[in-house]
Amino acid sequence: MNGAVLLGLMVPFVGTALGAMMVVFVKSEMNHNMQRAFTGFAAGVMVSASFFSLLIPAVSQASETMGKKAVIPTTIGFCFGMLFLLLIDTITPHMHLNESVEGPKSNLKKNTMLVLAVVIHNIPEGMAVGVLYASWMQGNKLVSFTAALSLAIGIAIQNFPEGAIISMPLYANGMSKSKACLQGILSGIVEPIAGFITIILASFIIPLMPALLSFAAGAMIYVVVEELVPDMAEGEHSNIATICFMIGFAAMMVLDIALGG
């Protein structure tokens with residue numbers, strides 16, 4: 001694995017880390033509408049990335065050898081991606097920003113469960129970046145290095161507000177700014193780890209690359225449907241999250257088209 005790929009895997013983590021550092025410079029808890037705006041933007045980026053960076057290349061790659069039957073591995077991969085995140089979501093105790101708790105009963109502290117919720121969210125993002133880099137490393141002409149980099153950059157952009165969304169509530173719950181910042185930063189380390197593991201696994205199952213691409217897409221869509229959309233719609237009606245979803249989707253689409261060639 002070359003240095004450029006390793007650095008590329010770290011790009012989303014850097015976005016999370018920079019966002020988490022915002023807690024050091026603020027004096028109060030993040031405004032609820034601001035949280036919804038950031039959540040909407042993140043959802044837009046993830047949906048756009050799932051289609052333009054993952055599902056379309058998956059279908060195109062499978063079509064070269066399977067024709068119309070390309071729908072089989074991509075559909076199976078997509079469904080298994082969603083089911084995989086459903087399993088992780090079910091067996092891991094975690095808490096959302098609205099303080100609703102999911103998963104098995106646990107004696108974990110509230111702050112720990114908040115961090116676990118973000119970790120679950122970050123797993124598919126790391127997988128998505130990793131599988132694109134793996135596809136490029138294996139010589140897939142449909143996936144360029146810049147396409148993988150564009151996805152990494154897009155996720156890093158949406159990770160910036162996400163880093164703040166996790167560190168600032170931790171601070172509001174009584175944690176010191178320095179510790180809240182560190183926890184927010186560490187919540188993002190799962191992304192390069194998940195990406196690295198995905199690259200290693202992909203090297204052993206090259207023929208299944210279309211399924212892996214769609215698997216990552218399914219995992220990301222699960223997070224959007226299960227976590228982000230409910231957070232966007234919570235509370236008094238507001239269009240801010242919808243508008244920010246549009247901006248995030250369009251930004252990722254433009255980034256993928258501009259750098260994906």
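**View 1. Helix 7 gives the largest share of the lining of the largest pocket, five residues.** The model is predicted: local features need pLDDT of at least 70, side-chain atom pairs count only at pLDDT 80 or more, and totals for chains, interfaces and linings use all residues. Residues are numbered from 1 along each chain as its sequence is written, and side-chain values use heavy atoms, with hydrogens and water left out. Helices are DSSP runs of H or I, at least four residues long, numbered from the N terminus. Helix 3, helix 4, helix 7 and helix 8 each supply at least two lining residues. The pocket holds about 340 Å³ of space. Of its 18 lining residues, Met127, Leu201, Ile205, Leu212 and Phe215 are the closest to the centre. The lining divides into 16 nonpolar, two polar and no charged residues. Nonpolar means Ala, Val, Leu, Ile, Met, Phe, Trp, Tyr, Cys and Pro; charged means Asp, Glu, Lys and Arg; the others, Gly among them, are polar. A pocket is an open set of points on a 1 Å grid over the protein atoms alone, where a 1.4 Å probe fits, with protein on both sides within 12 Å along at least five of seven lines; lining residues have an atom within 4 Å of a point. Its volume is the space filled by probe spheres set on the points, which are joined across faces, edges and corners.

**View 2. The largest nonpolar core has 50 residues.** Such a core joins buried Ala, Val, Leu, Ile, Met, Phe, Trp, Tyr and Cys residues through side-chain atoms within 4.5 Å. Leu54, Tyr133 and Leu151 have the most contacts inside this core. Elements giving two or more residues include helix 1 (3-20), helix 2 (32-66) and helix 9 (240-259). Helix 8 gives the largest share, 13 residues.

**View 3. Leucine 151 contacts Ala49, Ser53, Leu54, Ala128, Val129, Leu132 and Met252, leaving aside its neighbours within four places in sequence.** Contact means heavy atoms within 4.5 Å.

**View 4. Valine 129 sits in helix 4.** Valine 129 has a relative accessible area of 1%, so it is buried; the cut-offs are under 20% for buried, over 50% for exposed and partly exposed in between (1.4 Å probe, protein chains only). Beyond neighbours within four places in sequence, valine 129 contacts Gly8, Leu9, Pro12, Leu151, Ala152 and Ile155. Its C-alpha atom is separated by 9.7 Å from that of alanine 147, 18 residues apart along the chain.

**View 5. Cysteine 181 and cysteine 244 are both buried.** Relative accessibility is 10% for cysteine 181 and 14% for cysteine 244. The disulfide count is zero, with a cut-off of 2.5 Å between paired cysteine sulfur atoms.
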